[in-house]
Amino acid sequence: MDRDARRYFDLPSPFAMKRGGELHGAHVAYETWGELNAARDNAVLVLTGLSPSAHMTSCEQDPSPGWWQEMAGPGKAIDTTRWFVICVNSLGSDKGSTCPASIDPATGEPYRLSFPELALEDVANAAHAVVGSLGITRLACLIGCSMGGMSALAYMLLHPGSVRAHISVDTAPQAQPFAIAIRSLQREAIRLDPQFNEGRYDIHATEGGSYPDLGMSIARKLGVITYRSAMEWNGRFARIRLDPEQREDEPFGREFQVESYLQGHAQRFVRNFDPNSYLYLSRASDWFDIAEYGHGSVLEGLKRIHIERAMVIGVSTDILFPLQQQEQIAEGLQAAGAEVEFVALDSPQGHDAFLVDIDNYSRAIGGFLNGLPAA
C-alpha cells in the first residue's frame, strides 16, 4: 500500500475566486518537513509548477522520492533541520486539492468544466490560508518555481507583510506571447481529442476507456520540448536513429531517438494528471499579469511587493520564461526596497534546469537561505 504524508486544509466556505464564482467545501493538500520553532518564524513555503504534487521530498510517512528530492531535506539546500518547510499542492491540481475532477457538493457529480475560472491569485490565497492555519503570520522565505513563482508574486502582493524573503526560480511576472502560444496548442490538443468529450471523459479510466490519451500525449510532448533547450537536445540525441526493431512499423512512425524520448515522457504523464486540471492551471498561467497591479506596468506592479531580501534565479537557455523576465523581477523587487541577488545560470537544460542542475541551484538556494538572519 502506498504511504501518504499529505495533510488537508479545509478552505473557508464559500471560497471566493478572483474571476467570479466560489467553491464550497474545498480543500488543499500540503506536506511539511522539519519543526516550527517557538517563535513560529522559521517557516519556508514552496509553491510548485503546474504538475507537481505537494510531495517535494521524502519523509518518514512517505519515503518515496519527491519532485525536488535532492534540493530539500536534512543538510540539503532547503535544510529541514533548520527550516519548517511547507509545500502546498495548487488549488485546481488533482494531486489532492479541490480541482475539476472533485465532486461538486451542489450536484454530487464531478465539476469538470463547471469548475469556476481559476486564477493564480486563487492558488496564492489558498496557500496563504494553509500557512495561517499553522499559526504562522510571516514566512521566513517564500520559494516559487515556474508557475509557482507567479503564484508567489501574487501571494506577496495580496498579503503584504506576510513574507520576509523570497526566492524566485525560473518564473515570470506575466506570460509572454510564446508561452501563451505553446500552452494554447497544448490545450487545443486536449480539447480536440474526441475522447475529451467536452470534459466528460471517464476520470477514473483504466487503460483503454474514454480518456483523451492522445491529446494529453501531444500536450506533454509540446511541454517537454519547451522545458529543455535546443543545446541539450543536440547534445543528448543528435540525429541518432532507433534500432530497426525499435521503430514503428507504419508510415511516418518514430524513427529518431528524440521521438522515442518524447513518447516515453508522454506515456508516464498521460494518466497521471487530470486533463481538465491541466486546462485550468494552464489558462491561469496565461492570465497572470503583475502589470494589473501597477496600472499596466510590470515594474510598478512589482514595486508594490515589500520584502527584505530576494534571490532571483534564471537560466540563459530558458525559452519559456526567458532570462529577461527574471531580470524584470529582480529590478522591480530592488526598486521596491529589497536587497536583491540576481543569479543567471548557463545550464543547458533550459526551463527544467531547476529540476536537473541540482548542483548549481543548490549552491544558489542553499547559500541564500544560509545567509538569512534569524528574525
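The UniProt annotation "binding site", from an unreviewed entry, covers R220 and D352. Such annotations may be inferred rather than shown by experiment. The two residues are spread over 133 residues of sequence, yet they cluster in space, with a largest C-alpha distance of 13.7 Å. Both R220 and D352 belong to the lining of the largest pocket.

This is a predicted model, in which local features need pLDDT of at least 70 and side-chain atom pairs count only at pLDDT 80 or more, while totals for chains, interfaces and linings use all residues. Residues are numbered from 1 along each chain, and side-chain values use heavy atoms, without hydrogens and water.

**The annotated residues**

R220 sits in helix α4 (residues 213-227). D352 is in the loop between β14 (339-345) and α10 (353-356). Helices (H or I, at least four residues) and strands (E, at least two) are DSSP runs. R220 is buried because its relative accessibility is 15%; D352, at 14%, is buried too. Buried means under 20% relative accessible area (1.4 Å probe, protein chains only).

Contact means heavy atoms within 4.5 Å. Leaving aside neighbours within four places in sequence, R220 contacts S51, Y227, H265, A266 and F269. On that basis D352 touches Y227 and R228.

**The pockets**

A pocket is an open set of points on a 1 Å grid where a 1.4 Å probe fits, with protein on both sides within 12 Å along at least five of seven lines; lining residues have an atom within 4 Å of a point.

| Pocket | Volume |
|---|---|
| Largest | about 1,100 Å³ |

α4 gives the most to the lining of the largest pocket, with five residues.

Key
Buried means under 20% relative accessible area, exposed over 50%, partly exposed in between (1.4 Å probe, protein chains only). Grid points are joined across faces, edges and corners, and a volume is the space filled by probe spheres set on the points.
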